[in-house]
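Below is a short report on one protein chain.

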Amino acid sequence: MNMTNGKILAALLAASMMAGPALALGTAAQKKEAAAGVDARAGMAAQMVDQVFSFAEPGFQEVRTSEYLAGILEKNGFKVERGVAGIPTAFTATWSNGPGPKIALGSDIDGLLGLSQYPGVPEMKPMVEGAPGHGEGHNSGLPMMIIAALAAKDVMEKNGMKGTLMLWPGVAEELLATKAYYVRAGLFKDVDASIFAHVGRDLGTGWGPAGNNGMVSVEYTFKGKTAHAAGQPWDGRSALDAVEIMDVAWNFRREHLPVTQRSHYVITEGGGQPNIVPEKASVWYYFREGSFKKIRDLYEIGNRISKAAAMATDTTVTQRTLGYAAPNYGNKPLAEALYANIKAVGLPTWTEADKGFAKAMQRANGVKEEPLPTTLAPLSTPEGRGPSMGGGSDDIGDIMWTVPTVTIRYPSNIPNAIGHNRQSAIAMATPLAHKGVVVGAKAVAMTILDLVTTPKIIADAKTYQQDVQFKSDKYDPLLTPDDKPAIWLNSDIMGRMRPQLEKFYYDPTKYKSYLEQLGIDYEAFAKVK
């Protein structure tokens, strides 16, 4: 359950006594002060979470979101550099209190196409039909990191703690399209440790290989020749035929690929009208696997199949990389330090309205009923997770292979909500989401204090990365010097949708919460049994 500041202090005192003299962690009183600083900003956190939810911007089009969050950091003493790595909506925000460790704090900010959804409404109900929405909860992570950083900054200034904090947004994570470019541009070259945040259904962290897949995102474009599809088809060369042959060939090849691979595609261009042989057609692939070599192997198979399809149709083919994500690998010393603070903070205290809301959502959408968490899960380890059979990707992996990095998951969503679905947007601008952000921010703020006061943690984290992580694999991104971020993606849809979405932007000058603005009675869920 959620701890009061007094219980947090007691838990921290116990942890500090067990840590021993070699580990000069941030003191219990300092951590209590950081937790209080987060509590004092709980309203600010809720407002940021709701505001970003209302913007509902997909990858590379997070214009309002980026301006809003960077502006808040700038007003609080951070130096903001916009448009980093050649990406208009990317930024870094840096504050320093003198020579010391540099800690990077990041989380994603992009929404998903087609997942517009009213918050606080248990059933599926789009706000704008066909518009993007936060069906993964990326509206909450950077607000969480911001209040954690501000609370830690206060304590660092008051106590003369030396160090630097750098906040950054994960742009277009759903396209897995930017963090490899961040690394290539050197954004993390002088960072000592990195904490990343992702929304979850529990409060926890882990270390070692995460069990997900890395990925390369590639678009293949075939060029042929037009002709009258009925009058003289023999004079045409169909680019669409080439796309279809590639897709069929890839699907036959699946039988002879490892079971851990994941691969999927969409046809992004298929011609104009049926009576014209398509001169141009494109297909966009994600190739996912669990190691750098296996990702490269899939990529090369796809390239060969594309050339074979072009030969079969007398067309030509070109390709461009749209994104890349390395396999995830959490740092053990950082995870252990973070988890000690997670245990001190504990889970939120859920109200009857929170519990009823979760139950109502699960019932309305036919998913398994499971209560909101009241007991912390253990620290996630490779032994506890067991062997991986593959799955999704997250481009935080590129940063994990650059500097020691750990991910915190915080309880701002509902158990068993389907990911990349409107179900996962339903809770994301409600008190339930706000409470998850607050406990996550407390754990992060406390961990920041440990990192700036205890050189041994960072030294151990770097040793672990060099001696353990780098022995298992080597960073091998599939980016060429000519590859550039695909910043044009989603521009057309936002050009159409933004005027409709603007009608739903949250106005905190008039309303205490986004639910109030939308006329939704959250407390009524307390009656759900």
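## A strand between two neighbours

Ser107 has Ala197 of strand E5 as its bridge partner. The model is a predicted one. Strand E3, residues 102–108, runs parallel to E5, and five bridges join the two.

Ala197 also has a bridge partner in strand E12, namely Ile408. E12 covers residues 405–411; seven bridges join E5 to E12, and these strands run parallel.

## Cover on both faces

Is strand E5 mostly covered or mostly open? E5 spans residues 193–200, and eight of its eight residues are buried. Here buried means under 20% relative accessible area.

In a regular strand, side chains alternate between the two faces of the sheet. On one side of E5 lie Ala193, Ile195, Ala197 and Val199, and on the other Ser194, Phe196, His198 and Gly200; both sets are buried.

## The whole chain

The protein chain contains 16 helices and 12 strands. Its C-alpha trace spans about 85 × 55 × 40 Å along the principal axes. A compact globule of 529 residues would have a radius of gyration near 24 Å, so the 24 Å of this chain agrees with that expectation.

Of the 529 residues, 57% count as buried. Among contacts between residues at least 6 apart in sequence, 82% join residues at least 24 apart.

## Surface and charge

The chain carries 54 positive and 54 negative side chains, with the centres of the two sets 4 Å apart.

Definitions and conventions: Residues numbered from 1 in each chain as written. Predicted model: local features only at pLDDT ≥ 70, side-chain atom pairs only at ≥ 80, totals over all residues. Heavy atoms only, no water. Helix = DSSP H or I, 4+ residues; strand = E, 2+ residues; numbered from the N terminus. Rg over C-alpha atoms; globule rule 2.2 N^0.38 Å. Buried < 20%, exposed > 50% of the residue type's maximum accessible area, 1.4 Å probe, protein only. Contact = heavy atoms within 4.5 Å. Lys, Arg positive; Asp, Glu negative; His and termini not counted. Charge placed at Lys NZ, Arg CZ, Asp CG, Glu CD. Pairing = 2+ DSSP bridges.
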